Structure formats: structure tokens, C-alpha cells
Amino acid sequence: QVQLVESGGGLVQAGGSLRLSCAASGRSFSPYIMGWFRQSPGKEREFVAAINWTGVKVVYADSVKGRFTISREDAKNTVYLQMNQLKPEDAAVYYCAANTRSPLAPIQTSNSGYNYWGQGTQVTVSS
């Protein structure tokens, strides 16, 4: 079993920044592919960013490229999402996810590509 706990959400003005953290526990963290997804009211959960187990390969949704940065710190079993130049449309509940089934596979951008999920952290962006 893997437990994922997100933190760092909050209220920020448009143009501001937030850094989300996701702490993993329960199993060795290193071989996981880690991802961030988000869901706003009335919309489906969508892919935001993901990072492979080495930290070398990263994938971003087009909507966040150039503004968000995903990183991982295996010594702390933590993955981060640095969000800059936030826009009102970035407001959502952000979820951390882990793929422990196939860590050597290409990064998945679909929900089904991840088998563990956190409870989410709310990000609100005021205009």
C-alpha cells in the first residue's frame, strides 16, 4: 500500500505562485512514476504533469507548460509541483498520483495510468 498526502494548496492572486507537495509513504518511493492531476467543478479530472522514477523524464499538459514545474526528492519521498503565473482557470483540486505497477513504462497522462491517489488539495486563484 502507498499513502499519498498533498499539501501546499491555498488562495493566491492571479499571477502568483504556489508550490504543492506530495509526501508518499508505505513503500519504497524511488521506482514510481509520479503525477499531478486536477479537477474543477463540473469537469473531469485532467492530467497536469508527471515525472518518471529517475526524474529525467517529465511530461506537462499544454495548458501549464512554461508555468508549472514538477520535481521529486526521493530522499524525502516527496514530489513537488511549482506553479507560477497562476491563472483563474488553474483553480481546482489538485491530486497527486503514483504508478507503482509499471515504473519503467512511458509516462501515462490518463487517470487509469495511476493506481494510487491522494485526497487532493484545493487551489483557488482570484482574478
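This talk walks through one predicted structure, from its sheet to its salt bridges and aromatic rings.

Good morning. The model is predicted, with local features requiring pLDDT of at least 70 and side-chain atom pairs counted only at pLDDT 80 or more, while totals for chains, interfaces and linings use all residues. Residues are numbered from 1 along each chain as its sequence is written, and side-chain values use heavy atoms, leaving out hydrogens and water.

Let me begin with the sheet. Strands here are DSSP runs of E of at least two residues, numbered from the N terminus, and two strands pair if DSSP finds at least two bridges between them. An open sheet of 4 strands runs in the order β1-β3-β8-β7, with antiparallel pairing. Its edge strands are β1 (3–7) and β7, each of which pairs on one side only. From one strand to the next, the twist averages 15°; the axes behind such angles are lines fitted to C-alpha atoms, and angles run from 0 to 180 degrees between N-to-C directions.

Taking the pairings in order, β1 and β3 are antiparallel and joined by 5 bridges, with Gln3 having Ser25 of β3 as its bridge partner. Strand β3 (residues 18–25) then pairs with β8 in the antiparallel sense over 6 bridges; here Leu18 has Met83 in β8 as its partner.

Thr78 lies in strand β8 and counts as buried at 9% relative accessibility. I use buried for under 20% relative accessible area, exposed for over 50%, and partly exposed for values in between, with a 1.4 Å probe and protein chains only. The side chain of Thr78 reaches the backbone oxygen of Lys76 at 2.7 Å.

Why is strand β8 described as largely enclosed by the rest of the structure? The reason is that 5 of the 6 residues in β8 (residues 78–83) are buried.

I turn now to the interior. A nonpolar core is a set of buried Ala, Val, Leu, Ile, Met, Phe, Trp, Tyr and Cys residues joined through side-chain atoms within 4.5 Å. The largest such core has 36 residues, and those with the most contacts inside it are Leu4, Met34, Trp36, Leu81, Met83 and Tyr94. Two or more residues are given to this core by each of β3, β4, β5 (46–51), β7, β8, β9 and β11 (121–126).

Next, the charged pairs. A salt bridge is a side-chain nitrogen of Lys or Arg within 4 Å of a carboxyl oxygen of Asp or Glu. The count by this rule is 6. One of them joins Asp90 to Arg38, with the closest N and O atoms 2.9 Å apart. Asp90 is in the loop between β8 and β9 (92–99) and Arg38 is in strand β4 (residues 33–39), so the pair ties together parts that are 52 residues apart in sequence. Asp90 is buried at 1% relative accessibility, and Arg38 is buried at 5%. Both belong to a network of salt bridges that links Arg38, Glu46, Arg67 and Asp90.

Two further salt bridges deserve mention. Asp74 and Arg72 meet at 2.9 Å, N to O; Asp74 is partly exposed at 28%, whereas Arg72 is buried at 15%. Lys65 pairs with Asp62, the closest N and O atoms being 3.2 Å apart, and Asp62 is exposed at 66%.

Finally, the aromatic rings. Rings of Phe, Tyr and Trp (its six-membered ring) pair if their centres lie within 6.5 Å; planes under 30 degrees apart count as stacked, over 60 as edge-to-face and the rest as tilted. The structure holds 4 aromatic pairs. Phe37 and Phe47 have ring centres 5.6 Å apart and planes at 80°, so this pair is edge-to-face. Phe37 lies in strand β4 and Phe47 in strand β5, so the pair ties together parts that are 10 residues apart in sequence. Phe37 is buried at 0%, and Phe47 is buried at 11%. Tyr114 and Trp117 are likewise edge-to-face, at 6.3 Å centre to centre and 65° between the planes. Tyr114 is buried at 4%, while Trp117 is partly exposed at 25%. Phe37, Phe47, Tyr114 and Trp117 form one aromatic cluster.

Thank you for your attention.

Note on methods. A polar contact is a pair of N or O atoms within 3.5 Å; within protein, one must be able to donate a hydrogen and the other to accept it, and residues adjacent in sequence count only if both atoms are side-chain atoms.
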